[in-house]
Amino acid sequence: MSSSFADILMDMGFDREKVEKALNVTGNQGVEPAMEWLLAHGDSIEGGNVGFPEGRTLGETAPEVENPPQEEGAGTSGLKDEDAKSIKCEDCNKLFRTQLEVEYHASKTGHTNFTQSTEEKKPLTEEEKKAQLQLLEEKLKQKKKEKEEKEKAEELEREKNRIKSGKEMIALKKKYQEEEFKKAMEERKREREEDRLARQKIKEQIEADRLARKAKTSNEGVESPPVTSNPTIVKPPPPKEYNEAKIQIRLTDGAILTQSFGAKEQLSAVRLYIEMNRTDGAGPFSLMTSFPRKIFQEEDYEKPLEVLGLVPSAVIIVSKAVN
């Protein structure tokens, strides 16, 4: 970054040595601090052959240019090295002190025609420096504004993505709950039908036994002792297997949430539901039951609800976690 700062300051007319010293003194904090330091101390910097590579000046060694004059009258009209005070761009008539400035200008503009010149590149006046500084400040403000607008747009895009992800998650959760509810209703319907068929079968068996006893009594006469048939042993229906747990959740602010979960779902699913729907603020919390009293530990969150005794229904209390 400091290299680009130096290039900007050199393009404004300051020598490389002064620019490097200004950047070092100001801790490479940017162009503006270095510019202010240069405006305050630029004339007092000692440097001798400031800005010339390998300690050379225009009077000592001619800088290398891409199209040097080949004979008298071409370009410099026989200009000697010791008479040269600057390097001139024939494409735009700008003057430069050093070969480095020439190379920078050529790389930036694509100009290739440079010659030695007796014109001396004048340093910037106070008014020119102030104007350059003001222009620089405006450019920095513009860049800062563009950066802020870009960051704001990126933040807005991130927020849109977060909202979109949240909506998709809520939609998936709702779909999952609807499917689970549909499965639970179908299971209940099936259980009710099985119970009805079982009761009907028992009634039919009892009626058949009654008719059989009546027919046998009629055939043997009145004096014959009644013959009792062996009682039909009706097996009780098997214990009902619940596939759903209806959980009532009591939050720390007294609010109550009610939600149904699959019997084989882990306790962590209840915890996730609380995190997404709680109205008592954020923060860590723990779960417990009041009767029998049990505070769930970390290993309990990986266990199914039916293993934890929360099926077919249970009340879970949310309490703030103690650090």
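A salt bridge here is a side-chain nitrogen of Lys or Arg within 4 Å of a carboxyl oxygen of Asp or Glu. Keep that cut-off in mind for Glu-265, which is buried yet has no salt bridge. This is a predicted model, and its protein chain has 323 residues, 26% of them buried.

**Overall layout**
- The protein chain comes to 6 helices and 8 strands.
- Going along the sequence, the order runs α-α-α-β-β-α-β-α-β-β-α-β-β-β.
- Take the contacts between residues at least 6 apart in sequence: 60% of those join residues at least 24 apart.
- The chain's accessible surface is about 22800 Å², and carbon and sulfur atoms account for 52% of that.

- You'll find Glu-265 in the loop between β5 (256-262) and α6 (267-277).
- What Glu-265 does have is a side-chain to side-chain polar contact with Tyr-176, at 3.3 Å.
- A polar atom of the Glu-265 side chain also lies 2.7 Å from the backbone nitrogen of Gly-262.
- Leaving aside residues up to four places away in sequence, Glu-265 touches Tyr-176, Lys-303, Pro-304 and Leu-305.

**A nonpolar patch on the surface**
- Met-169, Ile-170, Leu-272 and Met-276 form this patch, and together they have about 360 Å² of accessible area.
- Two helices, α5 (126-220) and α6, each supply at least two of the patch residues.
- Met-276 is the one to look at in helix α6: its relative accessible area is 35%, so it counts as partly exposed.

**Backbone spots to check in the loops**
- The peptide bond from Val-311 to Pro-312 is cis, with omega near 5°.
- Pro-312 sits in the loop between β7 (293-295) and β8 (313-320).
- Asn-28 isn't a glycine, but its phi is positive, near 55°.
- Asn-28 belongs to the loop between α2 (16-25) and α3 (31-41), and at 37% relative accessibility it is partly exposed.
- Asn-93 isn't a glycine either, and its phi is positive at about 70°.
- Look for Asn-93 in the loop between β1 (86-89) and β2 (95-96).

How values were computed:
Residues are numbered from 1 along each chain as its sequence is written. This is a predicted model: local features need pLDDT of at least 70, side-chain atom pairs count only at pLDDT 80 or more; totals for chains, interfaces and linings use all residues. Side-chain values use heavy atoms; hydrogens and water are left out. Helices (H or I, at least four residues) and strands (E, at least two) are DSSP runs, numbered from the N terminus. Buried means under 20% relative accessible area, exposed over 50%, partly exposed in between (1.4 Å probe, protein chains only). Contact means heavy atoms within 4.5 Å. Accessible areas come from the Shrake-Rupley method with a 1.4 Å probe; for residues, only the protein chains shown count as cover. Lys and Arg count as positive and Asp and Glu as negative; His and the chain ends are not counted. A polar contact is a pair of N or O atoms within 3.5 Å; within protein, one must be able to donate a hydrogen and the other to accept it, and residues adjacent in sequence count only if both atoms are side-chain atoms. Patches are made of residues with over 30% relative accessible area and no salt bridge: like charges are joined within 9 Å, nonpolar side chains (Val, Leu, Ile, Met, Phe, Trp, Tyr) within 5 Å.
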